[in-house]
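Let's take a walk through this structure together, one piece at a time. Keep the sequence and the 3D view side by side as you read.

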Amino acid sequence: MLTRRLPGRELRWYKVSKDRSDKCDIVPAAADNAVYGVLYEIALSDKPALDIAEGLGWGYQQAQLEVETETGPVLALSYQATNIDHGTRPYDWYNAPMVAGA
């Protein structure tokens with residue numbers, strides 16, 4: 001498995017979801033911070049359904065990010081939060097897989 005690293009970023013749980021719970025977002029951070037994760041490749045024909053499921057245009061905008069991998073940098077699309085509230089909290093069912101994955 002390849003290491004996927006997004007330098008200068010960190011996770012924050014303040015993206016307001018349609019159910020008013022908190023969802024995770026990747027935000028700019030100090031240069032020595034990084035987010036580690038997984039890159040998925042999807043068929044272009046599947047992108048509209050993913051955009052709807054993720055809420056592109058309602059709380060998220062699309063952003064292109066450069067992810068470091070063991071084989072070199074990869075440009076990836078990400079959903080970046082636009083609907084933010086620092087007072088919300090994630091539901092346990094949402095937070096548990098994030099913590100377990102870390």
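In β6, E68 has P73 as its bridge partner. Before going further, a word on the ground rules: this is a predicted model, where local features need pLDDT of at least 70 and side-chain atom pairs count only at pLDDT 80 or more, while totals for chains, interfaces and linings use all residues. Residues are numbered from 1 along each chain as its sequence is written, and side-chain values use heavy atoms, with hydrogens and water left out.

Now back to that pair. Strands β5 (residues 60-69) and β6 (residues 72-81) run antiparallel and are joined by 10 bridges. Strands here are DSSP runs (E, at least two residues), helices are runs of H or I with at least four, and both are numbered from the N terminus. Two strands pair if DSSP finds at least two bridges between them. To get from β5 to β6, the chain takes a hairpin through two residues.

L6 brings us to the largest nonpolar core, whose five residues are L6, V35, L65, V67 and A76. Such a core is a set of buried Ala, Val, Leu, Ile, Met, Phe, Trp, Tyr and Cys residues joined through side-chain atoms within 4.5 Å. In soluble globular proteins, nonpolar side chains tend to be buried together. Take V35: leaving aside neighbours within four places in sequence, its contacts are R4, R5, L6, R9, E10, L11 and I26. Contact means heavy atoms within 4.5 Å.

Next, have a look at K47 in helix α1 (residues 47-54). Is K47 buried or exposed? K47 counts as buried because its relative accessibility is 17%. Its side chain makes a polar contact with the side chain of Q62, at 2.5 Å. A polar contact is a pair of N or O atoms within 3.5 Å; within protein, one must be able to donate a hydrogen and the other to accept it, and residues adjacent in sequence count only if both atoms are side-chain atoms. Not counting residues up to four places away in sequence, K47 touches I42, L56, Q62, L77 and Y79.

Y79 turns up again beside Q61, a residue of strand β5. Q61 and Y79 are 18 residues apart in sequence, yet 5.6 Å apart in space, C-alpha to C-alpha. Q61 is partly exposed, with a relative accessible area of 44%.

Another hairpin is worth a stop. Strand β2 (residues 9-16) and strand β3 (residues 22-28) run antiparallel, with seven bridges joining them. V16 stands opposite D22 in β3. Five residues lie between the strands in this hairpin, where R20 takes a positive phi near 70°.

D22 is also a contact of P90, along with W13 and N95, once neighbours within four places in sequence are left aside. P90 lies in the loop between β6 and α2. P90 and S17 are 73 residues apart in sequence and 9.5 Å apart in space, C-alpha to C-alpha.

Helix α2 covers residues 92-101 and includes G101. G101 is exposed, with a relative accessible area of 68%. The C-alpha atoms of G101 and G37 are 8.7 Å apart, although 64 residues separate them along the chain.

Y91, W93 and Y94 form one aromatic cluster. Rings of Phe, Tyr and Trp (its six-membered ring) pair if their centres lie within 6.5 Å; planes under 30 degrees apart count as stacked, over 60 as edge-to-face and the rest as tilted. By this rule there are three aromatic pairs. Two lysines sit over rings too: K23 lies over the face of Y94, at 5.0 Å from the ring centre, and K15 lies over the face of Y60, at 4.4 Å. For such a charge, NZ of Lys or CZ of Arg must be within 6 Å of the ring centre and within 35 degrees of the ring normal.

Notes. Buried < 20%, exposed > 50% of the residue type's maximum accessible area, 1.4 Å probe, protein only.
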